[in-house]
Each structure stands twice: as structure tokens, then as C-alpha cells.
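Colleague: Please take me through this model. Keep it brisk.

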Amino acid sequence: MELCITTINGGYTAVLNLTPPRSSPSLLLPKNPNSLQLHTSRRPPSLSRQFHPLQFAVSASSSTAVTSETDQLPADLTVTETEQPNSRVKLSIQVPSEVCDDCYKKVIGEFMKQAKVPGFRPGKRVPESILVSYVGKKSVDKATIESILKRTLPHAMSSMNATALTDSVSILTKFSEMEQAYSSRNSLRYDVIVDVAPEVKWIPENGYKNLKVAVEIDSDIDAQKVSERELRRRHKSIGALRIVTDRGLQVGDLVVLDISATTIDQDKSNVQNIPSAESKGYHFDTEDGDKLIPGFLDSIIGIQRGETKSFPLVFPESWAQESLRGIHAQFNVECKELFYRDLPELDDSLAPKLLPGCTTLEQVKEALLQRCQEAEQTAREQAADIAILDQLCKMVEVDIPQSLFEEQGRQLYGAKLLEIQANVKLNEEQLAKLSSKKAVEEYLLYQKENIMNMIKQSLAVGDIFKRENLQFSTDDLVKEVENSIAEFKHQKQDYDEERVKGQVQEILEGAKVLEWLREHAEIQYITR
């Protein structure tokens, strides 16, 4: 256990590292950093709070430092626990006068060793009244209260060791109130609040054992169709492009277009450009016509090089960009270049070019189909996992403590910043703005529901792992830890081996739970 006491606005904040139950798997989230230290180290993912081994060290501003791990108090404390909302517990701690006196004596002893009182040689015993007068009673009282807190708080927290969350302990009582109470009664009472590991409540109980999940699958992942499209793509890559000179556009051609669009309105003053629909030099393969707005391909069939066509279309309600759904638009399209493909005959002679290592066209088709089937299976499992996790989230009630929410949110925000840095070079001003307290708080506010759901999913998965006594092999753990460490070394990034091991273990737990749930759930795949 580790304890640090610091003064904040007249009150005290205590930070303790305690060892709680196993945290939940981090399979469900992207690999995130544990802080916003973007230039220092990147760590493996952690879905929930990372708990550390039971250790103890004391550091505070007073001159006294007692090893509380072995420190014995002369009298027992009176500790009253009161449950609070959001998985928090309030501890009211009454410190008897015997403990206060003992702490006072230790403080006086430390001052005796260190204070250089005029008229007394170093190390010579100074009468207590003279020492207190020289140091100042207020300073002695402050040091005594700090000593009391450092010695008694670990004892008071002993009953919470199994459930308290790391870095979540705060002393509620203001320091000024403790000073007043100590000076008047020679005893001390203070209140502490701590976040505890939230309890997962299933509705209904054990409902995860009889999951019924409907999984929507996009028809685009069908292995047979995908393999045929891939073969066609590879075949086209072998052919040559020829300029069309004597006809207009046909299906199968490749055309280079300049596209613009405006909204349609009877009042011409309300007509607006649609920037997201504009494109210069757009390379359009007419065999991919279904990827554009419905009716676009049909409207440009027959267009010739240098020709311009104008036509109205309506963005469908299923369009990805919500702001365009249902919008009536007038498109203007100019054909800049027009090509047809001169393709060689598709036979066994092309097999080595289509897929190295193959000698016949049939081998190419079988190999591509096998790859696509594996990809389809992976896509199905991923879609099932998402649907299962969504279902779990609806089946559990969890009172999530604020510290857990904030840590998870900061991890997610830190990961987004790392992703931005990987794609865009940020200057110091931009990075400072994105890393500011305001930016983080806005992210936590806007993403609150998403963060809460992720935490609920992760806690549910961790609870299932324990309930069903699931296990994974030690060999898998060793292998994955070695792979993770090798990746850190390759990227020349700092890492904590014990932390990596713990988080890899969480990932393996999550994988086992999802595998178990897929096997026991009734999953219906719906192709859309």
C-alpha cells in the first residue's frame, strides 16, 4: 500500500494504492494509454482501473515519517462505515487521545533531533516547553495532525483493502477543523471517502447464460461474392487502360469526372452548394456504381469526353451523411477522361499473376474463397461480440464511481490524441489545446453515455469470467506478454513488465468470456 497526503484548499487528499479484486478484461476497448503523456510511454490496454500490489510508503511535508506497515498504535481506532451513492463508502474515524499523545511525542522527538535552538548544543535535550515555544505551537500541532493521519489512515482503511479503488481516497474533513478539534480536546475525528469496486447486478440473475442475440450482417461480407469481386479486381489490375474515342460511357469503363451539386429549391435565393458532393478529377469505376448515390451511374451512361451533363437526384434516407438524407440535389458532371479496359483472357496462364504460387485458375478461385471465408467468419464473430456486449450492457446494473468513469474517459481521450498525432503533425500550441483540462472535460461530458456503457460491459465480462471459473493456458499468457514487450521494444517505448502481464491477462480473460458466450448464446444472423 502507498499513502501520500497533500494539502488542497485547506483540506487534505490522501492517495492510497490498495489491492482490490481482479479487474475486468480489457478486450473490449482499443489499446489506450493510462494518461495523456503522449511523448513518454504507451501502455497496453486497461479497461478498468489498474490495481497494484500491496505496498506502503509515506511522504508528507512534516518531518516525521513512520513506516505504517509495521507501526502499532497504542489504542484502537473507532471506524464507522457508511455506504454512499456511486459505489462510495464514507469512513468516520475517531482517534483516541492515547494515539494523539503518542504521535505528539514522536513529533517532539523529531523536532528535538532537528531543531537548532539557541543556547543548546546540537543533540542536547531541550525542555519541551522551550522547544514548543521556539518551533511554534501551531507548527507542532500541524506536524502532529499530519503524523496522526499518516499513522491512522492505513489502519482505518484496512477493512477496505479488498475493494477500494486505486487513487480514490479523499479526506473530507478540512485541516482547519482538525486543528481546532485537536487543540481543544487533544483528540481527533476525521472523515474519509473512498471509491470501491462496483458490484455487478444481473437482471435477470444469470441472464447471460440464456442470451438471444440478433446480429445484422452486411451482404458485402458474403465470402462467395467477395471472392468473385477480388478475382475481378485482380484481373482488371493486369489489363491495360485504353482511351475511348468513338463512343460514350458504358458499364465496365473507367471515367474521370468533375462533379458539383447544389440543392434544389423553387426560390433560387435558397439554393446552396453541397461541398461534400463536389470532387475534381474523380476516378469512377463504373462496375462500382452501387457505391454512389442511386441513379448517378444511369444518369451519366453515354457521356463522352468533354461533355457535361446535369440531372436531379435525391439522397436516400439511408445515406451515411445524415444532413443530406432526403435532400433533392442538382448534379453537374463533366467528363474529363474516358477509358476502357483491355483485359487478357481469364485462363490458367494468368494464375501466377493473379495469385503467386498458383498454377491454375481453379487454384486461384479456391485460395481466394478460403481467405474470404476466414474473413467472413472473423467479421461474423466480431459482429456477434458487439451484439453480445450490447446485450450484456442492458442486463446489468452497476453503480459506477466517478473516479472509475474519469480514468476510463481519460484513457479513451489519450488514445484519440495518440491517433491524431500518428496521422497529423501537431505543433505545441495545438497539442496544448487538445491536452487542456477543458478539452478533456468536454470529451468526458459528450462521451459520458459511451464511456459508461464500456465500463458496464467490461465489468460484466469480468464478472462472468469469475462466475464460470474460466481459464486460459499459461503458455498463451507467456507468448502474448513476450509479443507485447517485443512490440514496445520495436517502437522504442517504455513499458512496465508487470503491468503488461496484468493487462494481457485481462485481454485473454475477455477473449475466453466472449468465446464462452458465443457458444452458449442463441445467435440469429440477419443479412441486410
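Modeller: Contact means heavy atoms within 4.5 Å. The model is predicted, so local features need pLDDT of at least 70 and side-chain atom pairs pLDDT 80 or more, while totals for chains, interfaces and linings use all residues. Numbering runs from 1 along each chain as its sequence is written, and side-chain values use heavy atoms, without hydrogens or water.

Colleague: Is histidine 235 buried or exposed?

Modeller: Histidine 235 sits in helix H5. Helices (H or I, at least four residues) and strands (E, at least two) are DSSP runs, numbered from the N terminus. Buried means under 20% relative accessible area, exposed over 50%, and partly exposed in between, with a 1.4 Å probe and protein chains only. At 7%, histidine 235 is buried.

Colleague: Which residues does histidine 235 touch?

Modeller: Leave out residues up to four places away in sequence. The contacts of histidine 235 are then Leu343, Pro344, Glu345, Leu346, Leu350 and Leu354.

Colleague: What orientation does H5 take to H8?

Modeller: H5 (residues 223–238) and H8 (residues 361–395) pack at about 130 degrees, axes 8 Å apart. Under 35 degrees is roughly parallel, over 145 roughly antiparallel, 65 to 115 roughly perpendicular, the rest oblique. So H5 is to H8 oblique.

Colleague: What is the angle between the planes of tyrosine 282 and phenylalanine 284?

Modeller: Twelve aromatic pairs turn up in the whole structure. Rings of Phe, Tyr and Trp (its six-membered ring) pair if centres lie within 6.5 Å; planes under 30 degrees apart are stacked, over 60 edge-to-face, the rest tilted. Tyrosine 282 and phenylalanine 284 are stacked, 6.2 Å centre to centre, with planes at 20 degrees.

Colleague: How many residues apart in sequence are the parts that phenylalanine 311 and phenylalanine 331 tie together?

Modeller: These two rings are stacked, because their centres are 6.0 Å apart and their planes at 10 degrees. Phenylalanine 311 lies in strand E13 (residues 308–314) and phenylalanine 331 in strand E14 (residues 328–342), so the parts are apart by 20 residues.

Colleague: Which residues form one aromatic cluster?

Modeller: Phenylalanine 284 is buried at 1%, whereas tyrosine 282 is partly exposed at 29%. Both belong to the cluster of Tyr282, Phe284, Phe296, Phe311, Phe315, Trp319 and Phe331.

Terms used
Axes fitted to C-alpha atoms, helices over the stretch in contact; angles between N-to-C directions.
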